[in-house]
Amino acid sequence: MPLVSGAEVVLAAAKAGRGVGAFNVIQLEHATALIAGAEQAGAPVILQISENAVKYHGALKPIGLGTLAAAAAATVPVVVHLDHAMDRDLVTEAVALGFTSVMYDASKLEYADNVAATTEVVAYCHDHGVFVEAEIGEVGGKDGVHAPGARTRPDEAVAFAEATGVDALAVAVGSSHAMTERTATLDFELISQLRDAVPVPLVLHGSSGVADPDLTRAVEAGMTKVNIATHLNNVFTAVVREVLAENPKLVDTRKYLGPARDAVATEVARLLGVLKAV
């Protein structure tokens with residue numbers, strides 16, 4: 001299936017009141033697992049490569065081209081997305097490689113500087129037909145908009161979306177990055193207020209810390225793109241540990257990465273159901 005744009009997948013989901021699962025790629029096994037899970041569910045999916053993952057690989061091109069190739073061979077719509085990019089050159093490279101969606105993160109800048117920088121990125125990406133997600137920063141929180149306790153004000157979110165021309169907006173409603181336990185408490189009333197006020201689809205970051213019923217409720221309240229990374233890393237790593245514990249002399253990486261990949265695919269298919277992605 002030809003690659004699809006972020007706009008095509010996210011805007012269609014927002015219109016239909018569905019969620020879209022956005023899952024992180026660190027290695028090629030992640031990309032193939034995420035696609036397999038989406039194919040099992042019969043749902044579109046977003047494959048995210050973060051700036052941190054690029055640093056891990058030393059460059060965007062190898063993991064980017066591998067992910068794009070896997071996406072092009074999928075039987076469901078797949079978006080390849082650059083996640084949390086603070087480096088403008090990385091955005092340019094991703095667009096040149098064929099990514100159809102980017103998340104430009106200037107949230108740690110002062111509000112006016114965030115608006116100015118994001119507006120420039122949006123103009124460049126829109127000239128190349130690329131969907132742009134951004135977020136509003138929270139002064140004093142080292143995790144920016146997703147610092148524990150941070151909340152997005154609807155009036156500021158509306159002003160930011162209108163000033164920058166972004167296509168989707170990450171908002172702070174109670175989740176936080178890198179949570180290993182699913183104990184986050186979301187502000188569903190705020191989600192509904194943001195949905196009614198903000199003219200673009202909403203994005204929930206830090207969703208690994210959100211329990212299944214609350215993920216479903218968040219979509220019903222107005223969330224569209226839902227980012228989940230740490231939870232799937234937990235699934236992957238748990239299987240690797242189990243296989244190696246049972247087979248301490250095992251050295252063939254395929255023998256433990258393969259089962260981990262399959263477990264992630266199964267969990268992705270389940271999560272897409274939770275997110276009402278179909």
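Aspartate 105 is buried, with a relative accessible area of 11%. The model is predicted. The UniProt record, an unreviewed entry, lists Asp105 and Glu135 under "binding site". These two span 31 residues in sequence, yet no two of their C-alpha atoms are more than 6.4 Å apart, so they gather at one spot. For "active site", the unreviewed UniProt entry lists Asp83.

- Leaving aside residues up to four places away in sequence, Asp105 touches His84, Ala85, Met86 and Glu135.
- One of these contacts, to Glu135, is with the other residue that UniProt lists for "binding site".
- The side chains of Asp105 and His84 make a polar contact at 2.8 Å.

- Glu135 belongs to strand E5, which covers residues 131-135.
- Glu135 is buried, at a relative accessible area of 2%.
- The Glu135 side chain makes a polar contact of 2.8 Å with the side chain of Ser107.

**Active-site residue Asp83**

- Strand E3 (residues 78-85) holds Asp83.
- Asp83 is buried, and its relative accessible area is 4%.
- Beyond residues up to four places away in sequence, Asp83 touches Asn24, Gln48, Ile49, Ser50, Glu51, Met103, His205 and Asn227.
- Strand E3 (residues 78-85) is the element of Asp83; His84 and Ala85, which Asp105 touches, are also numbered within that range.

**Helix packing: H9 and H11**

- Two packed helices are described by the angle between their axes and the distance between the axes.
- For helix H9 (residues 212-221) and helix H11 (residues 254-274), the axes come within 9 Å and cross at roughly 50°.
- H9 brings Asp212, Leu215 and Thr216 to the contact, where they meet Arg270, Leu271 and Val274 of H11.
- By class, the residues in this contact are three nonpolar, one polar and two charged.

Conventions: Residues are numbered from 1 along each chain as its sequence is written. This is a predicted model: local features need pLDDT of at least 70, side-chain atom pairs count only at pLDDT 80 or more; totals for chains, interfaces and linings use all residues. Side-chain values use heavy atoms; hydrogens and water are left out. UniProt positions are given in the numbering used here, feature names are shortened, and annotations may be inferred rather than shown by experiment. Buried means under 20% relative accessible area, exposed over 50%, partly exposed in between (1.4 Å probe, protein chains only). Contact means heavy atoms within 4.5 Å. A polar contact is a pair of N or O atoms within 3.5 Å; within protein, one must be able to donate a hydrogen and the other to accept it, and residues adjacent in sequence count only if both atoms are side-chain atoms. Helices (H or I, at least four residues) and strands (E, at least two) are DSSP runs, numbered from the N terminus. Axes are lines fitted to C-alpha atoms, for helices over the stretch in contact, and angles run from 0 to 180 degrees between N-to-C directions. Ala, Val, Leu, Ile, Met, Phe, Trp, Tyr, Cys and Pro count as nonpolar, Asp, Glu, Lys and Arg as charged, and the others, Gly among them, as polar.
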